[in-house]
Amino acid sequence: MRRSRIVVALSSFLTLFVASPCLGSRDPANSIASGAFALEFLTFGGGWQQPFTASGIYMKLHLSDRGALRAGTSFSLSQSSSTNPIGYYAPQGNDRNYSITVSSEYDYYVDDSGPVTVYLGFGPYWSRLRNLYERTQLLSSTSTVPYEYYSDEYRRWEVGGTASAGFEWFFKRKLSLTGRVGASVGFGEMHNLHRDRYFDGVDTQDISVRRDATTSAAGTSSAALGISVYL
């Protein structure tokens, strides 16, 4: 009987010893804890400059009660075209544009208690952008159909690093309003190709101008807001 009481007492003590750090690390006002996973949707602000555009989705995995790894992408895509009836000489053409940024970040929570938490972050990013503008202008309704074709293509890639400061306001246990500002430094390359082709019905004149350059950029972002959902 005495031995069984000692075993029960030791078991209770070990259970309390092991569980108490875990219990103490979870604040009932938020979901910040080791192993927590969240999806973050930035929906407002951030400015136009990469990598701070706000139309993105990110995943955040909490590696500890204060540290988290955040990774995701922001992107944009647009395309438009115009066509005209035969005999109508207004320009017709296409516009194709896209941009994508992939980034990762380590966030350290300076304050992880209560409904409002504060963190600092830093990490790398990579971005790519392409804009294509094309126009064709019909100049006559004759059988030879003189025309002028114009196109301008701009491509750019960039790699760099960011530093940020942000907060999470947990208005619900599993939902938080996220806000952040940041700064970035990056470098890359840009390529611009301009073409102008003119056909007068007999001869064709084709002019191409290409420009290549290395780039560097540094800047800050305006405040970005979003929603985080903890799963």
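The legends below accompany close-up views of a predicted model.

**View 1. Leu129 in strand β5.** Here we look at L129, a residue of strand β5, which spans residues 116–138. L129 has a relative accessible area of 17%, so it counts as buried, the limit being under 20%. Beyond its sequence neighbours up to four places away, L129 touches Y98, S99, Y154, R155 and R156. The C-alpha atom of W157 is 6.4 Å from that of L129, although 28 residues separate the two along the chain.

**View 2. Thr117, also in strand β5.** T117 belongs to strand β5 and is buried, with a relative accessibility of 0%. Setting aside residues within four places in sequence, its contacts include N30, I32, Y109, D111 and D112. G166, F167, E168 and F170 are in contact with T117 as well.

**View 3. Aromatic pairs.** The whole structure holds five aromatic pairs, and two of them are shown here. In the pair of Y109 and Y119, the ring centres lie 5.3 Å apart and the planes meet at 45 degrees, so the arrangement is tilted. The rings of Y133 and Y150 are edge-to-face, with centres 5.8 Å apart and planes at 75 degrees. Y133 sits in strand β5 and Y150 in strand β6 (residues 147–172), 17 residues apart. Y133 is partly exposed at 35% relative accessible area, and Y150 is partly exposed at 30%.

**View 4. Charges over rings.** K60 lies over the face of Y119, 4.5 Å from the ring centre. The charged end of R70 is placed over the ring of Y58, at 3.9 Å from its centre.

Methods: Residues numbered from 1 in each chain as written. Predicted model: local features only at pLDDT ≥ 70, side-chain atom pairs only at ≥ 80, totals over all residues. Heavy atoms only, no water. Helix = DSSP H or I, 4+ residues; strand = E, 2+ residues; numbered from the N terminus. Buried < 20%, exposed > 50% of the residue type's maximum accessible area, 1.4 Å probe, protein only. Contact = heavy atoms within 4.5 Å. Phe/Tyr/Trp six-rings, centres within 6.5 Å; stacked < 30°, edge-to-face > 60°. Lys NZ or Arg CZ within 6 Å of the ring centre and 35° of its normal.
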